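Let's walk through this structure together, one piece at a time. Have the sequence and the 3D view ready, and follow along as we go.

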Number of protein chains: 2
Amino acid sequence: MYIPSYDDVVAAHARIAPYIHRTPVLTSSYFNELTGADLFFKCENFQKAGAFKVRGASNAVFGLSDEMAAKGVATHSSGNHALSLSYAAGRRGIPCHVVMPRTAPEAKKDAVRGYGGIITECEPSTSSREAVFAEVQAATGAEFVHPYNDPRVIAGQGTCSKELMEQVEGLDAVIAPIGGGGMISGTCLTLSNIAPGVQIYAAEPEQADDAYRSFKAGHIIADDAPVTIADGLKVPLKELTWHFVSNHVTDILTASEDEIVEAMKLTWKRMKIVIEASCAVPLATILKNPEVFAGKRVGVIITGGNVDLDTLPWIKS
Amino acid sequence: MYIPSYDDVVAAHARIAPYIHRTPVLTSSYFNELTGADLFFKCENFQKAGAFKVRGASNAVFGLSDEMAAKGVATHSSGNHALSLSYAAGRRGIPCHVVMPRTAPEAKKDAVRGYGGIITECEPSTSSREAVFAEVQAATGAEFVHPYNDPRVIAGQGTCSKELMEQVEGLDAVIAPIGGGGMISGTCLTLSNIAPGVQIYAAEPEQADDAYRSFKAGHIIADDAPVTIADGLKVPLKELTWHFVSNHVTDILTASEDEIVEAMKLTWKRMKIVIEASCAVPLATILKNPEVFAGKRVGVIITGGNVDLDTLPWIKS
């Protein structure tokens, strides 16, 4: 297992800079008053392909040798990683193969195709997905880019906190959502090297709190198919992300489904930005635990903005 | 009729700077590809109180003598002007009286109260509104601040284009929505003085196209209660805004209700920002008339983001 270093983050930043946005940091006097903290929102919802994942995906794609790149890349995500990898592959002019269940929403398939991804459908089961993915890899020789358990991806995600530290002085803490742990691992990698005094909080849905329970137990606990509105956060930690989480995370906080939806809607209403349910989880935990953050300068990583605008969780249709 | 000068805009900017945001300018490679133009979105949806109107309202409030200010300010808007005037009055620590129909949505009343506005209810008729407003003014001596037909307000709105010209080089055109004409008048005032070669387009709903018809006819045409989703754009031009529109606007373009909703939803989806229907009208007209804007660098004023998130126009509940 190769553990990426901060040098890998610096190299990643130089490599991906032409293909990503240096996203802005927004503040909200409303939320500052509500929480008693100074919050700095790093807006990766404005990122290319609508999410931070384009950082890691671009680092993987543009780090390939020409020979490897010619065969393309492949993944089996159906979320933001698939969009991001398709975007990055498109920028390099190489194919991106995405294995998705045939039952996935057409909107998600269309979004992947919109970024140039080539979809191969599988049955909605782990065994079918793995079998179909193996076939695609065998047929194409495409390089597998895991959504998070990959040092290239983690180094890429680490560029987000690198920018945040360049944009905001004197942060006391940074908080980000945790699913598989890619963003949190990149955050740990960067902050433990350039700002080791900054606390790192991870935020997780109560209904998919495997990282929370792993953190408390001291070993990885993986759940089978948790159900939460924060659909980017259902996946479990893997060995590489567990390394960073177990060594560098200050604490993991959780929020209920209602608290997540309320924080999401309140962000749209007061900050006028479209954010995913998954990235409302940090704000939900801050609103729930004001004593942890009051008086501190806190970076909040808004991880993405890819939302199905036709089915909003607070509107019963 | 006092016609404000560009000196008034410069003075307004210095006066209101502590109370407003210098809002960011966003770009979208997606919309650039779609339109063939280079679009620069001036994001007043991120403005204090959620709309550009806080510029004019703050200029009016902070320009009052202490003696006048002590009696407070008053208006009879139920939209963004009421919010903005309440916000500005609150910052100065003076009362803001708002006359609103008792039938107005509770959410709007709550929003005004949330910014400290004092609501006096009237019946939902012009005669009742005028009678009640006269009573409030007589009882309080509060200074009336009209939502747009007021030189202090127009000079304040002119600060938006002043910032835009400082933020983006080489613009060929600027486009903004037109209702009563406050924002367009401020835009005309600023650009005709500091960038007279820049074209000024106004965008209006087809279903409330009184400014369009006024512009073509050469005199003010006012409609009685037009119906459009762009609810900030229902009001007619008045003599002061007509002065600027008739002298400086290049053209007025219109869009249908469906085109407005589509542009609104597409902005949310691709730019990840919450914008009102009213300020989707410019983009709708650009998408409808690409030949007018292709190859040009165009400033698009996103006027506000105060939306009822429980009733979105593309979701049938």
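Start with the open sheet in chain B: six strands, in the order β1-β2-β10-β7-β8-β9, with mixed pairing. Strands here are DSSP runs of E with at least two residues, helices are runs of H or I with at least four, and both are numbered from the N terminus. Two strands pair if DSSP finds at least two bridges between them. At the edges of the sheet stand β1 (25-26) and β9 (251-255) of chain B; each has a single partner strand, so one side of each has no neighbour in the sheet.

This is a predicted model, where local features need pLDDT of at least 70 and side-chain atom pairs count only at pLDDT 80 or more, while totals for chains, interfaces and linings use all residues. Residues are numbered from 1 along each chain as its sequence is written, and chains are lettered from A and ligands numbered from 1 in the order in which they are written.

Now look at β7 (residues 173-177) and β10 (residues 297-302) of chain B: they run parallel, joined by three bridges. In this pair, A173(B) sits opposite V298(B) of β10(B).
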